[in-house]
Amino acid sequence: MDDLLEKAITEWHESVNSGNLERCARSVGAPIVVLGPKGAGPISPAQFADWVHRSGITLIPRSWHPVSEALMVVEEDASWPGDDLPTRVATVFRARGGSVTAALRLPDLRSALDLAFICREMAATA
(Lines give C-alpha, C1' and ligand atoms only; values in the text may rest on other atoms or scores of the structure.)
Protein backbone atom coordinates (compact mmCIF):
# COMPACT_ATOMS: atom_id res chain seq x y z
CA MET A 1 0.00 0.00 0.00
CA ASP A 2 1.38 3.42 -0.95
CA ASP A 3 2.24 5.30 2.25
CA LEU A 4 1.18 8.74 0.90
CA LEU A 5 -2.14 7.33 -0.28
CA GLU A 6 -2.79 5.69 3.07
CA LYS A 7 -1.83 8.87 4.96
CA ALA A 8 -4.15 11.02 2.82
CA ILE A 9 -7.07 8.64 3.34
CA THR A 10 -6.39 8.35 7.07
CA GLU A 11 -6.34 12.15 7.40
CA TRP A 12 -9.58 12.33 5.37
CA HIS A 13 -11.31 9.92 7.79
CA GLU A 14 -9.94 11.70 10.85
CA SER A 15 -11.01 15.11 9.51
CA VAL A 16 -14.51 13.92 8.62
CA ASN A 17 -14.95 12.24 12.00
CA SER A 18 -13.64 15.32 13.84
CA GLY A 19 -16.32 17.56 12.34
CA ASN A 20 -13.67 20.31 12.02
CA LEU A 21 -14.70 22.12 8.84
CA GLU A 22 -11.32 23.74 8.18
CA ARG A 23 -9.55 20.42 8.60
CA CYS A 24 -12.07 18.75 6.27
CA ALA A 25 -11.43 21.37 3.59
CA ARG A 26 -7.65 20.96 3.95
CA SER A 27 -7.84 17.18 3.57
CA VAL A 28 -9.19 17.29 0.02
CA GLY A 29 -8.08 18.53 -3.37
CA ALA A 30 -9.61 21.40 -5.29
CA PRO A 31 -11.88 20.07 -6.56
CA ILE A 32 -12.75 16.74 -4.99
CA VAL A 33 -14.91 14.38 -7.05
CA VAL A 34 -17.65 12.78 -4.99
CA LEU A 35 -20.23 10.07 -5.55
CA GLY A 36 -23.02 9.19 -3.19
CA PRO A 37 -26.73 8.49 -3.04
CA LYS A 38 -27.57 12.15 -3.74
CA GLY A 39 -25.36 12.63 -6.78
CA ALA A 40 -21.91 12.82 -8.26
CA GLY A 41 -19.47 15.40 -9.53
CA PRO A 42 -16.71 17.78 -8.58
CA ILE A 43 -17.16 20.06 -5.57
CA SER A 44 -14.92 22.57 -3.84
CA PRO A 45 -13.20 21.88 -0.52
CA ALA A 46 -15.62 24.33 1.14
CA GLN A 47 -18.60 22.45 -0.33
CA PHE A 48 -17.11 19.19 0.91
CA ALA A 49 -16.72 20.59 4.43
CA ASP A 50 -20.31 21.86 4.31
CA TRP A 51 -21.53 18.40 3.31
CA VAL A 52 -19.66 16.85 6.26
CA HIS A 53 -21.26 19.38 8.59
CA ARG A 54 -24.80 18.99 7.19
CA SER A 55 -24.72 15.20 7.07
CA GLY A 56 -23.15 14.63 10.49
CA ILE A 57 -21.59 11.46 9.06
CA THR A 58 -18.85 9.43 10.70
CA LEU A 59 -16.96 6.74 8.79
CA ILE A 60 -14.91 4.10 10.59
CA PRO A 61 -12.51 2.22 8.26
CA ARG A 62 -12.82 -1.57 8.54
CA SER A 63 -10.77 -2.97 5.64
CA TRP A 64 -8.33 -1.52 3.10
CA HIS A 65 -8.03 -2.76 -0.49
CA PRO A 66 -5.19 -1.26 -2.58
CA VAL A 67 -6.01 -1.00 -6.29
CA SER A 68 -3.13 1.11 -7.65
CA GLU A 69 -0.63 3.74 -6.52
CA ALA A 70 -3.40 6.34 -6.51
CA LEU A 71 -6.55 4.26 -5.82
CA MET A 72 -7.72 2.51 -2.66
CA VAL A 73 -11.06 1.02 -1.67
CA VAL A 74 -11.89 1.28 2.02
CA GLU A 75 -14.80 -0.62 3.55
CA GLU A 76 -16.33 1.50 6.31
CA ASP A 77 -19.02 1.59 8.94
CA ALA A 78 -21.03 4.77 8.29
CA SER A 79 -23.20 6.42 10.92
CA TRP A 80 -25.46 9.44 10.78
CA PRO A 81 -27.16 11.27 13.66
CA GLY A 82 -30.11 9.25 14.90
CA ASP A 83 -28.81 5.89 13.59
CA ASP A 84 -29.12 2.95 15.93
CA LEU A 85 -26.54 0.89 14.06
CA PRO A 86 -23.86 1.75 11.51
CA THR A 87 -24.29 0.90 7.83
CA ARG A 88 -21.47 -0.92 6.03
CA VAL A 89 -20.41 0.96 2.88
CA ALA A 90 -17.27 1.13 0.74
CA THR A 91 -15.50 4.13 -0.76
CA VAL A 92 -13.16 4.37 -3.73
CA PHE A 93 -10.49 6.93 -2.87
CA ARG A 94 -8.05 8.68 -5.17
CA ALA A 95 -5.31 10.86 -3.75
CA ARG A 96 -2.68 13.18 -5.22
CA GLY A 97 -0.18 15.39 -3.46
CA GLY A 98 -1.25 14.21 -0.01
CA SER A 99 -4.93 15.14 -0.49
CA VAL A 100 -7.97 13.05 -1.35
CA THR A 101 -9.14 14.09 -4.83
CA ALA A 102 -12.00 11.60 -5.18
CA ALA A 103 -14.29 9.88 -2.67
CA LEU A 104 -16.81 7.65 -4.43
CA ARG A 105 -19.09 6.02 -1.86
CA LEU A 106 -20.91 2.85 -2.87
CA PRO A 107 -23.29 0.57 -0.99
CA ASP A 108 -20.94 -2.43 -0.78
CA LEU A 109 -17.37 -3.61 -1.20
CA ARG A 110 -17.95 -5.54 -4.44
CA SER A 111 -19.45 -2.47 -6.19
CA ALA A 112 -16.60 -0.27 -4.99
CA LEU A 113 -13.93 -2.73 -6.13
CA ASP A 114 -15.61 -3.09 -9.54
CA LEU A 115 -15.64 0.69 -10.00
CA ALA A 116 -12.05 1.05 -8.78
CA PHE A 117 -10.77 -1.56 -11.24
CA ILE A 118 -12.59 0.20 -14.09
CA CYS A 119 -11.05 3.53 -13.04
CA ARG A 120 -7.61 1.94 -12.87
CA GLU A 121 -7.94 0.48 -16.36
CA MET A 122 -9.23 3.77 -17.80
CA ALA A 123 -6.24 5.61 -16.33
CA ALA A 124 -3.83 3.02 -17.71
CA THR A 125 -5.18 3.27 -21.24
CA ALA A 126 -5.47 7.07 -21.48
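View 1. A95 lies in strand β5, a strand being a DSSP run of E with at least two residues, numbered, like the helices (H or I, at least four residues), from the N terminus. At 13% relative accessibility, A95 counts as buried, a word that stands for under 20% relative accessible area, with exposed meaning over 50% and partly exposed in between (1.4 Å probe, protein chains only). Leaving aside residues up to four places away in sequence, A95 touches L5, A8, A70, V100 and T101, where contact means heavy atoms within 4.5 Å. E69 is 26 residues apart from A95 along the chain, and their C-alpha atoms are separated by 9.0 Å.

View 2. Helix α4 covers residues 109-124, and its 16 residues reach 22 Å from the first C-alpha to the last, close to the 22 Å expected at 1.5 Å a residue, a span taken as 1.5 Å times one less than the number of residues. Within α4, A112, L113 and A116 are buried. These residues are on the same side of α4 because they cover an arc of only 95° around the axis, the arc being that of the directions from the helix axis to the C-beta atoms. The buried residues of α4 pack against β3 (58-66), β4 (71-79), β5 (87-96) and β6 (99-106), whereas the face turned away from the buried side carries the exposed residues R110 and M122.

**Notes to the views.** Residues are numbered from 1 along each chain as its sequence is written, and side-chain values use heavy atoms, with hydrogens and water left out. In this predicted model, local features need pLDDT of at least 70 and side-chain atom pairs count only at pLDDT 80 or more, while totals for chains, interfaces and linings use all residues.
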